[in-house]
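Please keep the sequence and the coordinates at hand while reading.

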Amino acid sequence: MNLSQKISQAVKDAVRNIYNAELLEVELQPTRKDFEGDLTVVVFPILRVAKGNPVIIGEQIGKFLKENISEVSDFNVVKGFLNLVISDEYYLEFFNSIKSIENYGHKPATGNAVMVEYSSPNTNKPLHLGHVRNNLLGYSVAEIIKASGKKVYKTQIINDRGIHICKSMLAWKKFGANETPESSGLKGDKLVGNYYVKFDKAYKEEQSYLVAQGKTQEEAEKQAPLLLEAQDMLRKWEAGDEEVVSLWKMMNGWVYEGFEQTYQNLGVDFDSYYFESNTYLLGKDNIEEGLKKGVFYRKEDGSVWCDLTEDGLDEKIVLRSDGTSVYMTQDIGTAIQRVKDHPDVGGMIYTVGNEQDYHFKVLFLILKKLGYEWAENLYHLSYGMVDLPSGKMKSREGTVVDADDLIAEMASTAGNIAEELGKLDGYSDDEKQELYKMIGLGALKYYILKVDPKKRILFNPEESVDFQGNTGPFIQYTYARIQSILRKAIDTGVPLDADHKELHIKEKELIKQIALYPETVQLAAENQSPALIANYTYDLVKEFNSFYQQVSILGADSDSEKSFRVALSKKVSDVIAAAFGLLGIEVPERM
């Protein structure tokens, strides 16, 4: 039983003893900074079962707690709030119990696994800014859930088939002159993306020509020879035409190499990959099964539907009249296949933009109606768009921000700001470049992850690399500062594990903040929100900096104070590193 649970139980006991009444719930909250105390009992809800003046009730319960709970050393009542002062002994004992725990706040895996899907790109273009938020969110949520005590599989589905892929292939075949990533020096995904743009340009020229010949715009779009050729190529691919499949494999291979480089640069990884070319035929058997169960019904034209009107949704087609599947069919089949591949999976999280909210409501409901137990544990990690201030870091097309360009730009921005501040004197060029990348990526990841996933973000590169305020570099800088203190402590032979009896108020505040880490991890996992971890870390760092400014660490009066404050600083840095690890952010040893 932790302290909050112990106090809650004691408050219930007090109400039973003093007022002969049963209290079902106790409302506890951290004491406000402007009052003396550590934990506050909100008295107003108690008035439902214990009638009287809230101040007197607070005083009586406070007296009972002080007499019956050793950890409560004092109390005060402000209006309807009972503020409890927790003893130094309790916090010292707590700190001593956790200071040597390596994975403090993280639990080993138990129970069913969770599968987290993220990234899910198309193989006709490079990853862009939207993919960056997707990858950072998916990766971080996977790491947080893992830290909360569950096994996690990270996966993605790659959209590697369809007309958009054939457009890039056809353009390369027509205009490519056998260009390869090696011959051009381009990353494979960029090379293929260029041919997608070339197709679009040539296609528009053909449309203009047809409109000039008297066709309507709609006719021109449908009859342009290039599109007809791309459609023919798709039919050949589906029929297994050797030449088309060979070209498709070669160009997709280039793209995967390019993606892998971007994922490495971004610091994300995957345990398994699903390819739409393997999954697009899945789901049809499940539709037959659903027809037998009465989950689906067949219309006169032969198409198959699911009627979700009683659930407040629409009717949804799951099989066309010609027997071909729709995206919903594939998603049903893929979800079922994933559990077959990983029988320990008890739930899935799909990291997909909020424009797909309705799609996932329908998918999850259909899977529940089909009777899959794990369908109760499906979650759509829905997120908003990322915008940039106009004119910043736009790609040559002027519309999409390329992920690789963004990562390089962030390192460059970090370098410019660090040079201006003169923070990296004495570093070699290689060390500087490594650090610029770490700071730039940390700035990017933190800026994106500190915002609730559902909110749209206006991403400002310069603002994100500020060394002050709620930013990645500010937190990285504090971590590096603590490492410097620890190095000096070793050099000057500060004794370790000296006995410490009395806490400075700033030491106590810091321990209280450290104590919140395990529950923050659990809360972030339950809410699929890296923002809770990001903002917790910022609060911890603010608390440390306040401690650093008001309390001397290495210049403390006694060996026991020095030793304790060094150990406390080390634990703060351990928690910063662990929390930032959950966000996929590295921390520098010096800065």
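The notes below go from the overall chain to its salt bridges and then to one aspartate.

This is a predicted model, in which local features need pLDDT of at least 70 and side-chain atom pairs count only at pLDDT 80 or more, while totals for chains, interfaces and linings use all residues. Residues are numbered from 1 along each chain as its sequence is written, and side-chain values use heavy atoms, with hydrogens and water left out.

**Overall chain**

- The protein chain has 22 helices and 14 strands, where helices (H or I, at least four residues) and strands (E, at least two) are DSSP runs numbered from the N terminus.
- Taken along the principal axes, the box filled by the C-alpha atoms of the protein chain is roughly 90 × 65 × 40 Å.
- Of the 591 residues in the protein chain, 53% are buried; buried means under 20% relative accessible area, exposed means over 50%, and partly exposed lies in between (1.4 Å probe, protein chains only).
- Among the contacts in the protein chain (heavy atoms within 4.5 Å) with a separation of 6 or more, 73% are between residues 24 or more positions apart.
- The protein chain exposes about 28200 Å², of which carbon and sulfur atoms supply 48%; accessible areas come from the Shrake-Rupley method with a 1.4 Å probe, and for residues only the protein chains shown count as cover.

**Charges and salt bridges**

- There are 68 positive and 89 negative side chains in the protein chain, and the centres of the two sets lie 2 Å apart; Lys and Arg count as positive and Asp and Glu as negative, with His and the chain ends not counted, and a charge is placed at NZ of Lys, CZ of Arg, CG of Asp or CD of Glu.
- The count of salt bridges comes to 38, a salt bridge being a side-chain nitrogen of Lys or Arg within 4 Å of a carboxyl oxygen of Asp or Glu.
- Lys 512 and Asp 38 are both buried.
- Lys 173 and Glu 243 form another salt bridge, with their closest N and O atoms 3.4 Å apart, and the pair connects helix H5 (residues 163-175) with helix H10 (residues 242-266) across 70 residues.
- Lys 173 is partly exposed at a relative accessible area of 47%, whereas Glu 243 is exposed at 55%.
- Lys 369 and Asp 311 meet in a salt bridge of 3.2 Å, N to O; because Lys 369 lies in helix H14 (residues 357-369) and Asp 311 in the loop between E9 and strand E10 (315-319), the pair ties together parts that are 58 residues apart in sequence.
- Lys 369 counts as partly exposed at 33% relative accessibility, and Asp 311 counts as partly exposed at 39%.
- Salt bridges that share partners join Lys 33, Asp 38, Lys 506, Lys 508, Glu 509, Lys 512 and Glu 543 into one network.

**Asp 307 and its surroundings**

- Asp 307 lies in strand E9 (residues 304-307) and counts as partly exposed because its relative accessibility is 36%.
- Leaving aside residues up to four places away in sequence, Asp 307 touches Tyr 297, Asp 314 and Glu 315.
- Between Asp 307 and Phe 296, which are eleven residues apart in sequence, the C-alpha to C-alpha distance is 7.2 Å.
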